[in-house]
Amino acid sequence: MAAMDNPDVLLQRAFNVPAKKVFRAWTDPNELERWFFTDCQIDAKLGGAYRFNWRAKDNPNRDHARFGTILDFESPRALSFE
């Protein structure tokens with residue numbers, strides 16, 4: 001039950017590429033669709049809204065969407081969203 005007391009998830013990764021390139025991959029709709037999602041919308045700024053959609057080719061029951069607000073935006077160093 002302790003895991004339910006703090007449901008936040010922190011994901012950190014290190015890439016051997018310039019920070020600007022990684023940041024763009026998470027904030028540019030074309031890059032997001034290239035690397036992660038089947039379609040997305042993002043207003044890449046502090047307080048901006050986003051919607052990320054995944055569509056599973058093999059099983060439509062696995063399709064899902066995530067949406068919310070950008071909570072931290074400091075290009076190209078910090079990005080946090082709900």
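Q: Which strands each supply at least two residues of the lining of the second largest pocket?

A: This is a predicted model, where local features need pLDDT of at least 70, side-chain atom pairs count only at pLDDT 80 or more, and totals for chains, interfaces and linings use all residues. Residues are numbered from 1 along each chain as its sequence is written, and side-chain values use heavy atoms, without hydrogens and water. Rolling a probe the size of a water molecule over the atoms shows where empty space is left. A pocket is an open set of points on a 1 Å grid over the protein atoms alone, where a 1.4 Å probe fits, with protein on both sides within 12 Å along at least five of seven lines; lining residues have an atom within 4 Å of a point. Here the strands are S2 (49-54) and S3. Strands are DSSP runs of E, at least two residues; helices are runs of H or I, at least four. S2 gives the largest share of that lining, three residues.

Q: What volume does the largest pocket have?

A: About 1200 Å³. Among its 29 lining residues, Leu 11, Arg 13, Val 22, Trp 26 and Leu 79 are the closest to the centre. H2 supplies the largest share of the lining, seven residues.

Q: How are the rings of Trp 26 and Phe 81 placed?

A: A pair of aromatic rings is described by the distance of the centres and the angle of the planes. Rings of Phe, Tyr and Trp (its six-membered ring) pair if their centres lie within 6.5 Å; planes under 30 degrees apart are stacked, over 60 edge-to-face, the rest tilted. The structure holds nine such pairs. For Trp 26 and Phe 81 the centres are 6.1 Å apart and the planes at 40°, so this pair is tilted. Trp 26 sits in helix H2 and Phe 81 in strand S4, 55 residues apart. Both residues also line the second largest pocket.

Q: Is Thr 27 buried or exposed?

A: Buried means under 20% relative accessible area, exposed over 50%, partly exposed in between (1.4 Å probe, protein chains only). Thr 27 has 12% relative accessibility, so Thr 27 is buried. Trp 26, at 27%, is partly exposed.

Q: What does Thr 27 contact, leaving aside neighbours within four places in sequence?

A: Contact means heavy atoms within 4.5 Å. Thr 27 touches Leu 32, Ile 42, Ala 44, Phe 73 and Leu 79. The Thr 27 side chain also reaches the backbone oxygen of Phe 23 at 2.9 Å.

Conventions. Polar contact = N/O pair within 3.5 Å; in protein donor to acceptor, adjacent residues only side chain to side chain. Points joined across faces, edges and corners; volume = space filled by probe spheres on them.
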